[in-house]
Amino acid sequence: MDFQSTPIVGTVIWIDVGILVMSAAKKLDEAQQELSLLTTTKDPKVTRFVRIIQDVYDTLLDEYSKKFGCGSGRTSLAKFKTSAKKAGNVHAINFLIWYEKEFRSVRNDPRVGNLLDSNSQYDSNYIKSCSILLELTRNLVYHAYENF
């Protein structure tokens, strides 16, 4: 094997993955911008930030539902699971097992408090909690992109 060709192959693979999975990554950028606004404004819109983060998770499900041939457009976790099980799609089922475990881990992380719960009250550490939530979400999305 020629060592000069190895970086090119790695780059091509990265570009292909990047092309396939733009939506959730764009939502992460939007969440990062919103977090920046939270730290500079007198009237923080924490609910907007949380809504964007929730949309990252929804978009990730939509992307992988389409990728695994289990539907297109907006989907719910329940519909995706039903479709994957009905089709016997092992890759989709493995993704869903991983996704549920990781999402539950983020939701239950005490550092983010109850940000993802509806009607939650935000304490004085909300900026730090939002930063941690964004980082956990980013890690989950990038792990999915690299492994599924």
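Q: Hi! Where does isoleucine 93 lie?
A: Isoleucine 93 lies in helix H5. Keep in mind that this is a predicted model.

Q: Okay, and how exposed is isoleucine 93?
A: Isoleucine 93 has a relative accessible area of 27%. Buried would mean under 20% and exposed over 50%, so this residue counts as partly exposed.

Q: Which residues does isoleucine 93 touch, if I skip those up to four places away in sequence?
A: Leaving those out, isoleucine 93 touches Ala84 and Lys85.

Q: How far is isoleucine 93 from threonine 82?
A: Along the sequence they are 11 residues apart. In space, the C-alpha to C-alpha distance is 9.7 Å.

Q: How do H3 and H6 pack?
A: Helix H3 covers residues 46-67 and helix H6 covers residues 126-147. Their axes are 11 Å apart, and the packing angle is about 10 degrees. Angles under 35 degrees count as roughly parallel, so H3 and H6 are roughly parallel to each other.

Q: Which residues meet there?
A: From H3, the residues include Phe49, Ile53, Leu60 and Tyr64. On the H6 side, among them are Cys130, Leu133, Leu140 and Tyr145. By class, the contact of H3 with H6 has 15 nonpolar residues, one polar and one charged.

Q: What about the largest nonpolar core?
A: That core has 39 residues. Those with the most contacts inside it are Phe49, Ile53, Leu60, Tyr64, Phe80, Phe95 and Leu133. Helices H2 (22-40), H3, H4 (77-87), H5 and H6 each give two or more residues to this core.

Q: And how much of the chain is buried?
A: Of its 148 residues, 36% count as buried.

Q: What share of the contacts join residues at least 24 apart?
A: Taking contacts between residues at least 6 apart in sequence, 59% join residues at least 24 apart.

Q: New topic: what is the mean pLDDT of the chain?
A: The mean is 80, and 76% of the residues reach 70 or more.

Q: Which elements have the lowest and highest mean pLDDT?
A: Helix H1 (residues 5-20) has the lowest, at 36, while helix H5 (residues 90-108) has the highest, at 95.

Q: Where does pLDDT stay under 50?
A: Over residues 1-21. For that stretch, the model has five contacts beyond four places in sequence.

Note on methods
Residues numbered from 1 in each chain as written. Predicted model: local features only at pLDDT ≥ 70, side-chain atom pairs only at ≥ 80, totals over all residues. Heavy atoms only, no water. Axes fitted to C-alpha atoms, helices over the stretch in contact; angles between N-to-C directions. Helix = DSSP H or I, 4+ residues; strand = E, 2+ residues; numbered from the N terminus. Parallel < 35°, antiparallel > 145°, perpendicular 65-115°, else oblique. Contact = heavy atoms within 4.5 Å. Nonpolar A, V, L, I, M, F, W, Y, C, P; charged D, E, K, R; others polar. pLDDT = per-residue confidence, 0-100. Buried < 20%, exposed > 50% of the residue type's maximum accessible area, 1.4 Å probe, protein only. Core = buried A, V, L, I, M, F, W, Y, C linked by side-chain atoms within 4.5 Å.
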